[in-house]
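Here is a short report for a first look at this structure. Keep the sequence and the 3D view open while reading.

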Amino acid sequence: MRGLRLGVLVSGSGSNLQSIIDAAENGMLESQIVCVISNKEQAYGLERARKHHIPAIYINPKTEGYDEKLLKTLQDHKVDMVVLAGYLKIIDKDLVEAYKGRIINIHPSLLPKYGGKGYYGIHVHEAVIAAGERESGATVHHVDAGIDTGETILQRKLEVYEEDTPQSLQQRILSEIEHKILVEAIALLEGRL
Ligand code: GRF
């Protein structure tokens, strides 16, 4: 089978999710998103899913058995591959085990640089600018038991300009790199899983 049944996990705006939705709709991907799940009720990513008639599921992270519920929801939707697209919660080891080799994450830095605890969202770009880096980028990687440590699938760079702020760098990395390499990585894996 080439097309995969994707389950996408989001905590925020979901612009990376949108890039997958668009690529699936315009035929760039053979895979389809069968559910979008969030630990944040107000995540705009859930709204994006609803607009495209994709099941959008909120699971309250404070409820007991959150991780079991999450795994069950993925299995109920017969998800083949899990995509973490701005999902700001540590993935439980049972989920990593159940979907071994079939969970990917996108991270807005040139991993292994600026990855791990505390490096999420704008904090990544603040650290890159503060360190005076001349280049940054994004990485799509397999998810293992660590934080941002799994094997790299795709990584792409861009130049950091003198005048860049954390916000401008974040925007450029999102639009010029993340939205492209996430779709490319899924396309790569379609033929392999
Ligand atoms: C992206 O920068 C992604 O790399 C990181 O979280 C951000 C999510 O953005 N993991 P969005 O919700 O996809 O717009």
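## The loop with His53

His53 sits in the loop that runs between helix H2 (44–51) and strand S3 (56–58). The model is a predicted one. In it, phi of His53 is near 55°, a positive value in a residue other than glycine. Most residues other than glycine have a negative phi.

Is His53 buried or exposed? His53 has a relative accessible area of 74%. That is over 50%, so His53 counts as exposed.

Asp148 is not a glycine either, yet its phi is positive, about 60°. Asp148 belongs to the loop between strand S6 (135–142) and strand S7 (152–159).

The relative accessible area of Asp148 is 14%. The limit for a buried residue is under 20%, so Asp148 is buried. His53, by contrast, is exposed.

## A cis peptide bond

Most peptide bonds are trans. The bond from Leu111 to Pro112 is cis, with omega near 10°. Look for Pro112 in the loop between S5 and helix H5 (122–130).

## The ligand and its shell

Which residues are around the ligand? They are Ser13, Gly14, Ser15, Asn16, Gly86, Ile106, His107, Pro108, Leu174 and Glu178. By type, this shell holds three nonpolar residues, six polar ones and one charged one.

An N or O atom in the side chain of Ser15 is 2.5 Å from a ligand oxygen atom. Asn16 takes part through its backbone: one of its backbone N or O atoms lies 2.8 Å from an oxygen atom of the ligand. Ile106 has a polar backbone atom 3.0 Å from a nitrogen atom of the ligand. On its own, the ligand exposes 370 Å², and the protein buries 86% of that.

## The pocket

The ligand takes up the space of the largest pocket. Which elements give two or more residues to the shell around the ligand? They are helix H1 (15–25), strand S5 (103–107) and helix H6 (166–190).

Glu68 has its place in helix H3 (residues 66–76). Its relative accessible area is 52%. The cut-off for an exposed residue is over 50%, so Glu68 is exposed.

Glu68 and Asp94 are 26 residues apart along the chain. Their C-alpha atoms are separated by 8.5 Å.

Key: Residues are numbered from 1 along each chain as its sequence is written. This is a predicted model: local features need pLDDT of at least 70, side-chain atom pairs count only at pLDDT 80 or more; totals for chains, interfaces and linings use all residues. Side-chain values use heavy atoms; hydrogens and water are left out. A residue is near a molecule or strand if one of its heavy atoms lies within 4 Å of it. A polar contact is a pair of N or O atoms within 3.5 Å; within protein, one must be able to donate a hydrogen and the other to accept it, and residues adjacent in sequence count only if both atoms are side-chain atoms. Accessible areas come from the Shrake-Rupley method with a 1.4 Å probe; for residues, only the protein chains shown count as cover. On a 1 Å grid over the protein atoms alone, a cavity is a set of points where a 1.4 Å probe fits but cannot get out, and a pocket is an open set with protein on both sides within 12 Å along at least five of seven lines; lining residues have an atom within 4 Å of a point. A molecule sits in a cavity or pocket if more than half of its atoms lie within 2 Å of its grid points. Helices (H or I, at least four residues) and strands (E, at least two) are DSSP runs, numbered from the N terminus. Ala, Val, Leu, Ile, Met, Phe, Trp, Tyr, Cys and Pro count as nonpolar, Asp, Glu, Lys and Arg as charged, and the others, Gly among them, as polar. Buried means under 20% relative accessible area, exposed over 50%, partly exposed in between (1.4 Å probe, protein chains only).
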